[in-house]
Amino acid sequence: MVDRGASALSLPDDWPAHPDPILALNRMGSFDWDLDTGLFHMDAQAHEVFDLRPDEYDGYPGTLAIRVPRAEAHRLDALVAQAMKDGSENYGTYFRLRCRDGTLRWTHTQGYIRRDETGRPRRIIGIVRDATQELGEIEARREQAAHDEARRRQTNVVQLTTAALAHARTVDDVIDVLKDTHGLTHLGATSLVMGLVEAGRIRLVAEGPKGSFVPGTRVTRIDEPYPMSEAVRTLTPRFIESPEEFAERYPLLWPHITGLDITSAAYLPLIAEARPIGAMGLLYSDRRGFSPEDRNVLIALGSSIAQSLMRAMLYEQDKDLATGLQQAMLPRTIPSVPGADVAVRYRSAALGRDIGGDWYDLIPLPGGRVGAVIGDVQGHDTHAAAVMGQLRIVLRAYAAEGHTPAAVMARASVFLHELDTDRFATCLYAEADLSTGVVQVVRAGHIDPLVRRPDGSCRRVPVEGGLPLGLSAEFGRLDYSVATLELDPGDTLMLCTDGLVEQPGADLDDGMRTLTALVAAGPQDVRDLADCLIDVAEERGGDDDVALLLLRRRGLDTLRSAGRLQQHVAPGDPEALSEARHMIRAAVTAWGARDRAHEVELVADELITNALMHTEGSAVVTLRVLTGSDRRLRVEVEDASSALPRRRDAGESGVSGRGLLVVDLLTDVWGVEARGGGKCVWCEFVVT
């Protein structure tokens, strides 16, 4: 027993030779414990309390062990240490003391802790007194304390259950917490049943122990003669204190549960927002009757459970709404892509309406090309999802209009900046020509793509990135770099959001290395690989969504029949000219004409350069396969000028003027034809 109400003490200056008269009158001994030296001084009365002669005590508290049992000494030490640690000014407690004759008697002590200006304990002064006469009172207090403890445990039922339910998000979570063995132990019940009110009826959601289901009670009317129905109908609990009372009050229900050894039951209405949302029944097999305290505790428990259930029901409604909104924003179907196998996946880590702005998209483009998009709008709410939906639409529109990948990204950034929102978005756009394997990639603050080879090896593809969408427009940095990579037949391009990469305690590079190894070890089929990666994300959990897009280029036999590629080359853009050369070289190789790849690239480069130098506009280069009596590659370069090309004499030292001569020498046939207000210079190469 502990009494923290000890009052401050003051000892006479000539203590202990002349003890405080009031203490002596009350047969109280006093002590002064110097915490710096460890000396524990006691007056004569204190020696009597401890049944020690002065010559038996050396002034150190350890010597008192001959009178204080070890268990009591440990308790006292812990009490004093805690009082000094938590800043208490005093402490008090009862403890047992073993007298010289071996008998035990009760002793009471109070101490006052004196501290210096820094708060450090320096001295403890206090009293000790014989409390044997109070033994009867102490025992009575113990009985009262035991009773209070029982009441406290009952009250703790509500607190413990409420704490456990704080982590329950769904109705099933609430039921699991309550039906868990530990939960039932706290409740003191053998089993639990629960029903929820739906459309004027009660639907059973937890049916008690196995074999206890009563036919016809899966869904019941509120006016039926069942205890759960009565609790809902009257909004008052039903306490059944004996089997006899159960059989008498509910003759329809009792015959079905007689084998469960039920001795009493409590059916509680679950009321939230002033209306019944259901009822819960607690069945007991080891008690009869309910005290007023029991009833109050159970009523409070019902209120706590009702609030948790209402929260769970609202969460499930919000979750359904959020999931529906998220799915509505994502593409309903992914188009089939000739020459490729595609797999997309989306895993939501949304909590209630806190949904994310992750998305993916696959955009069919003219000329057999395809655009692949992966992105993530900042935030986890419905606004992020709404912004995501708008971004997905404009990206699709800009790509379908024929803009270059860099222009698509820049326009999308401007759109987001002008959308009057404080959100930004990371995004990666990859435009692939599956007939050649050429992929142009633009990255706006997003993570790099991965490429997996048919042999299972996987590598991260570094792409120079620009600012996220919205921010690049705000800071006037709309020049996005375009990286070009080649997908060989059987290669898989992987795009994902950072929810698949980020791991607690690891930086982004570590996460990318882990993901790369995971992809390398995964199944070859893109659908199986996508499922594997999402399973890993599920196991990790996390509070971020995951969007994933896998695109695998098929073999050469499939690709050779495609045979058409087109690219826009703007004037004053050396990067676009370089990309066009790269595209042509890769396409010719992919179409099985490697032996003429250099010639085709040289001629195409000459025609494009002429168009850019001698006209005021851009050039459009088209490369296609023609089949007939023989197989030919045709290169077409269109411009907006109607002026026909003409040969010029370069002279012996001239550095220009030989362009058409090169075209004439390297091609099998070439020519010029009018195209609207401009012209097209074309040439063909016979290939095997």
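I located Asp261 in the loop that runs between helix 9 (254-257) and strand 10 (264-272); helices (H or I, at least four residues) and strands (E, at least two) are DSSP runs, numbered from the N terminus. The model is predicted, with pLDDT of at least 70 needed for local features and 80 or more for side-chain atom pairs, while totals for chains, interfaces and linings use all residues. Residues are numbered from 1 along each chain as its sequence is written, and side-chain values use heavy atoms, without hydrogens and water.

I read the phi of Asp261 as near 60°, a positive value in a residue other than glycine.

I then looked up Glu273, which sits in the loop between strand 10 and strand 11 (275-284). Its phi is near 55°, again positive in a residue other than glycine. I noted Glu273 as exposed because its relative accessibility is 60% (exposed is over 50% relative accessible area, with a 1.4 Å probe and protein chains only).

I turned to helix 14 (residues 508-521) and helix 15 (residues 526-540), which pack at about 135° with axes 10 Å apart; axes are lines fitted to C-alpha atoms over the stretch in contact, and angles run from 0 to 180 degrees between N-to-C directions. The two helices are therefore oblique to each other, a class left over after under 35 degrees (roughly parallel), over 145 (roughly antiparallel) and 65 to 115 (roughly perpendicular).

For the contact (heavy atoms within 4.5 Å), I listed Thr514, Leu515, Leu518 and Val519 of helix 14 and Leu529, Leu533, Val536 and Arg540 of helix 15.

Notes: Buried means under 20% relative accessible area, exposed over 50%, partly exposed in between (1.4 Å probe, protein chains only).
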